[in-house]
Amino acid sequence: MEYVSPEGLRLDGRRPMEMRQLRAEIGTVAKANGSAVFEMGNTKVIAAVYGPREVQNRSQQINDQALVRCEYSMANFSTGDRMRKPKGDRRSTEISLVIRQTMEACILTHLMPRSQIDIFVQVLQADGGTRSACINAATLALADAGIPMRDIVTSCSAGYLNSTPLLDLNYIEDSAGGPDVTVGILPKLDKVTLLQMDAKLPVDIFENVMGLAIEGCKAIANYIREVRTVVCFLLSAKSSISFP
Amino acid sequence: MLKSNTFSRKTKAGRIKKEVREIYLRDDIYCGAAACKTCDTSTSRAPLDVASPLLILDTNVLLHQIDLLENSAIDNAVLLSVVLDEVKNKNMAVYNRIRALSTNPLRKFYVFSNQFHKDTFVKRMDGETPNDYNDRAIRVATRWYQTHLGTAATVLLITNDRDNKRTAGEEGISADTIQSYVKSLGQPELLDLLVQPASESEDTVMVEVEDLRPSKRQVVYQEHKPMSEITLGLHRGIYHQGKLRVNRYNPFQAYVGSESIGDEIIIYGRQNMNRAFDGDIVAVELLPQDQWHEEKNLSIADEEDEEEDDVHLAPSSADDAPRTTNLVSDSATDMNSTPSRPSGRVVGIIKRNWHSYCGSLEPMSMPAGTGSFTSALFVSKDHRIPKIRIQTRQLENLLDKRIIVAVDSWDRQSRYPSGHYVRVIGEIGDRDTESEVVLIENDINSRPFSSQVLACLPPLPWSVSSEDVANSIRQDLRSLRVFSVDPPGCKDIDDALHCTALPNGNYEVGVHIADVTNFVHPGTPLDGEASQRGTSVYLVERRIDMLPKPLTEDICSLRADVERLAFSVIWEMTPDAEIISTRFTKSVIKSCAALSYVEAQARMDDSRLMDPLTTDLRNLNALAKIMRQRRIDRGALTLASAEVKFQIDTETHDPLDIGMYQIREANQMVEEFMLAANVSVAKQIRDCFPSCSLLRRHPTPTREMLEPLLCTAAAIGLDLDVSSSKALADSLDHAVRDDPYFNKLIRILATRCMTQAVYFCSGDLSPPEYHHYGLAAPLYTHFTSPIRRYADVIVHRLLAASLGIDKLPPVFQDRSQLTSIADNLNYRHRNAQMASRASVELHTLIYFRKRPTDTEARIVKIRSNGFIVFVPKYGIEGPVYLTGRGEKGSGEWHVDEQQQKIVKMDNSNSNSLSYSVLQSVRIHMEVVEPQPNRPKLQLTLIS
């Protein structure tokens, strides 16, 4: 299968280094403390953040920091197949964990001891790269909720098909069976908080692909900053720039 | 720059599903015209020339007229991506050829991605068929070109679709058919390449034509069922799907291997084959049981107007797939199971295997007028292909030429398929032409290496540099007494040996293989070309190299008295040839002698010679004999093939003499160490890379495949045990009669029953399947001939990676890619063998053309109207007829299956004439030409 034509165009008309169109909206769930919808092309996810609030289950309470919980799910209509998937399947559990860990790394949890932060993300429409989109949505929602963070986290995926590194795979490219590298970074601190890859890649190519994914993350970070309504309290000393 | 636009489309994947895909429309796709001012031509290729008309080609033109497009007279064309996509879906082969055209710097073909251009994107309308949609997209793109280039250029839409042409005209786009465009060029020879519009129509259209004028033409073949009906039938089990294989001895008989039946379905006659070609995927309907034929397949082959058997040279063991081997060439299984053999007829063709064929025109008288179209019948060299009707304007030129013809269509009313002329190869009977035909028929690329490939070579003259010697991965073995033993005149020496006696009484034995991977780096054009070619091809009079000549004959070749880079396998062996340790290293060597087999043998045999080199040879030979014996004890088979050797006149390249290839001890010695090196390397790479090694296996032949051998053996009272390779090897050893040639003959017959050894990727099979039957080795690979086999290049890379010398190239991460490489190697390897055999066949014909000969022959197969003999002296196999041609039925001759005997039923006396298998007969060999331009070697019995 040809994923990049000899003319250098992908199946949807993008060039290998191009990302899909981004769109974001904040405050979409009125009841939540913070919420956002994030779109990468046809992938559309919604995130809602509750907290910091009292810990619901006392036994889980942590005395020196906040408890972060995350629930990832896919809407039954998200793939078009209307498949009813049981809640808490392996994939959802894994992605929930991944998102929780990524977000925990940037939330200043020590400022909110004995409290709980809930992050709910749901995929409304899936077209590849849901993991990244969820992280980006969660970042926006956390910022909207005014939760103190070291930096925003942004995530993007990159793959390697037809001997070409490709940025931001869509569903067709994602299901081609090639390697798929998902990276999450803290753009200001220039630190990687998430790195996942299925399949194998030689080290030198992997570095290329990862570099491309990081470029993608940075582009997303710029976009997120552009979203005017972001209200984010960055309390870390290092990142003194705050969003208007 | 990014502008999103989504469209939805319904696809059928069992059920209807809505798919939404984004399309990003762009403004950075350029028109490709060099003179265009608005487009940025600096970055991309802009081959189009606005001075001459710009052609925009429709899908039907690309699909049908590819041979015409490849002619350099047609140029300056735009290939729209919407058209390319459709071509790709319909015919991958044509797509690849078009892609090759579009990347060829000499041709002016430009691919315009119209679907992604902001001005030429068209949204599918409700209820619009894919065809209408594509046509509309093509027209929109054409109009865009017209307005974009303005008055500077003329844009011409070339379409053979009537509706499209008409609509284009209405929209003010100038459109033309390919026929009238070619006519306007005024080059009559191009018209031959043109596929005629009448023959362009498919089955369904022909039915309409038939309806209009029912009396005009006679229907010869039954209608093909529509695809929907075939799918349904296959689903219900009424029809059976499989690949059609035409018997190479009898073109009127074909087999379809069907999985649903689990057996081969036999198809008799062109009527039942219903226009299917060899290699087509067909749907077959079984005939009622009472119509199942029984006796026909026993005769050698003769029917109607066609030729009978062709001269077939031994060995035929390498015939296509194992399944086919036993069916095509054996009579025994046929006979025993004939009544239960289902016969069928083709009801539809699922996938065509049409390509171009080599052959010549059937001789005919010249029509009165010249320059006009005349029909001619083309006869393919491949007997399995029916005659093809072509139209030509240059009949007088083509009559005595070998030409290539492509098939276009085959409708129900014509006995023969119609096609068109592609190109001339050369004069019939000319040796170069015929050799070219052999190469083309076996899909062998004999073109000179491209400049990109040659650019990958190191600068010449090349010699080992001090860096190479200083390199820590390379061991300096120049002080060793290394030598090579090869056939006389061998220029591509890829292996050399050394043998040093160690103080502890053991020997250090080294096999040094040319370090080709030092020069052929993965991912370079050179590597790509070599992997495509797969192997060097050895014809009788020439060699087609896998690697360019400087590498093959100089830089890599381990010639005498020059320093060369090598990859060495070094063992410490006891005098009993037990391997104590194995070591692999890259090295620098300096061969002290390049011996021929004859020289090496003479040195070993000459007891007066006591020089160190001869001692080494003798030591090696002693070790090799022990290793060989041990291998045979393990169950390795000693097979025989009837390889012949030609002596070629250096001036005319005509064969002067032919004889069997003689195998000496020296050959066996070298072979033994090469086998040992291959086995050692196979172990090493398989241990390091269990899932991505390239190995070679030889599947155990099934009982059915050995059936012809067993049948023959039973007839002559020989007991063969085929339960294992060891048992077979032993019983072959015991098969000795007074007749000195008997054993060899049995071995030749056994060799033919064997399957072909194949390359495979170790991740694709489970370890028990790795077994090499013929060598009785659990693991085997090819390491010792990297100059002439690409498999060895891959193995060199694997070995280097396993030693940590080199990185493993990314190809090995991708198992499917590795599998496809292995498949290609197997294909190329088989073709190379076929080509060598065909070349031998060709030279045999040339040799006997001037020398009719009487000689001794052995009967190897009994048929109802004669037998097939094998001529040991020349390695030729061919049919001898007892009944004359045309005499139907074998009346007076009676075949005794059990005894494998053919007996003359003569009522007058009791001691009737009979011939039995393996019997020796005297025959006369002569080249005859029953049909012009098809010379063949005829064997007749001398009573």
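Which residues of the largest nonpolar core touch the most other members? In this predicted model, B:Ile56, B:Val78, B:Leu79, B:Leu694 and B:Val869 hold that position in a core of 226 residues. Helix H22 of chain B, residues 665–688, contributes the largest share of this core, 12 residues. Another core lies apart from it and comprises 66 residues, including A:Val121, A:Ala158, A:Tyr160 and A:Leu169.

The two chains were described first by their overall content. Chain B has 943 residues, of which 42% are buried, and its secondary structure amounts to 27 helices and 38 strands. In chain B, 68% of the contacts with a separation of 6 or more are between residues 24 or more positions apart. Chain A has 244 residues, and 47% of them count as buried. The secondary structure of chain A consists of 4 helices and 9 strands, arranged along the sequence as β-β-β-β-α-β-α-β-β-α-β-β-α. For chain A, 70% of the contacts between residues at least 6 apart in sequence join residues at least 24 apart.

An unreviewed UniProt entry lists "domain: Exoribonuclease phosphorolytic" for residues 18–148 and 151–215 of chain A. Over residues 151–215, chain A is 26% helix and 42% strand.

One open sheet of chain B contains 5 strands in the order S5-S4-S3-S6-S7, with parallel pairing. Helix H3 of chain B lies across S3, strand S4 (77–80) and S5 of chain B, and runs at about 65 degrees to S4(B).

The helices H3 and H5 of chain B also pack against each other. Helix H3 (residues 81–90) and helix H5 (residues 130–149) of chain B meet at an angle of about 145 degrees, and their axes are 9 Å apart. On the H3(B) side the contact is made by B:Val82, B:Val83 and B:Glu86, and on the H5(B) side by B:Asn134, B:Ala137 and B:Ile138. The residues of this contact divide by class into 4 nonpolar, 1 polar and 1 charged.

Neighbours within four places in sequence aside, B:Leu79 is in contact with B:Leu57, B:Leu84, B:Ile98, B:Ser102, B:Phe109, B:Tyr110, B:Val111 and B:Phe112.

The contact between the chains takes 18 residues from chain B and 14 residues from chain A. On the side of chain B that touches chain A, strand S2 (15–25) and helix H4 (92–103) each supply at least two residues. The largest share of that side, 8 residues, comes from S2(B). By class, the residues of the side of chain B that touches chain A are 8 nonpolar, 4 polar and 6 charged.

Two further positions in chain B were examined individually. B:Lys243 lies in strand S8 (residues 239–246) of chain B. B:Lys243 has 19 other C-beta atoms within 10 Å and is therefore partly exposed, as burial requires 20 or more. Residues up to four places away in sequence not counted, B:Lys243 touches B:Val256, B:Gly257, B:Gly279 and B:Ile281. B:Lys243 and B:Asp49 are 194 residues apart in sequence, and their C-alpha atoms are 46 Å apart.

B:Pro809 is found in the loop between helix H26 (790–802) and helix H27 (815–849) of chain B. B:Pro809 is partly exposed, because 17 other C-beta atoms lie within 10 Å. With residues up to four places away in sequence left out, B:Pro809 touches B:Pro522 and B:Arg797. The C-alpha atoms of B:Pro809 and B:Glu929 are separated by 54 Å, and the two residues are 120 residues apart along the chain.

Conventions. Residues are numbered from 1 along each chain as its sequence is written. Chains are lettered from A and ligands numbered from 1 in the order in which they are written. This is a predicted model: local features need pLDDT of at least 70, side-chain atom pairs count only at pLDDT 80 or more; totals for chains, interfaces and linings use all residues. Axes are lines fitted to C-alpha atoms, for helices over the stretch in contact, and angles run from 0 to 180 degrees between N-to-C directions. Two residues are in contact if their C-beta atoms, placed from the backbone, lie within 7 Å. Ala, Val, Leu, Ile, Met, Phe, Trp, Tyr, Cys and Pro count as nonpolar, Asp, Glu, Lys and Arg as charged, and the others, Gly among them, as polar. A residue is buried if 20 or more other C-beta atoms lie within 10 Å of its own, exposed if 12 or fewer, and partly exposed in between; C-beta atoms are placed from the backbone. UniProt positions are given in the numbering used here, feature names are shortened, and annotations may be inferred rather than shown by experiment. Two strands pair if DSSP finds at least two bridges between them. A nonpolar core is a set of buried Ala, Val, Leu, Ile, Met, Phe, Trp, Tyr and Cys residues joined through C-beta atoms within 7 Å.
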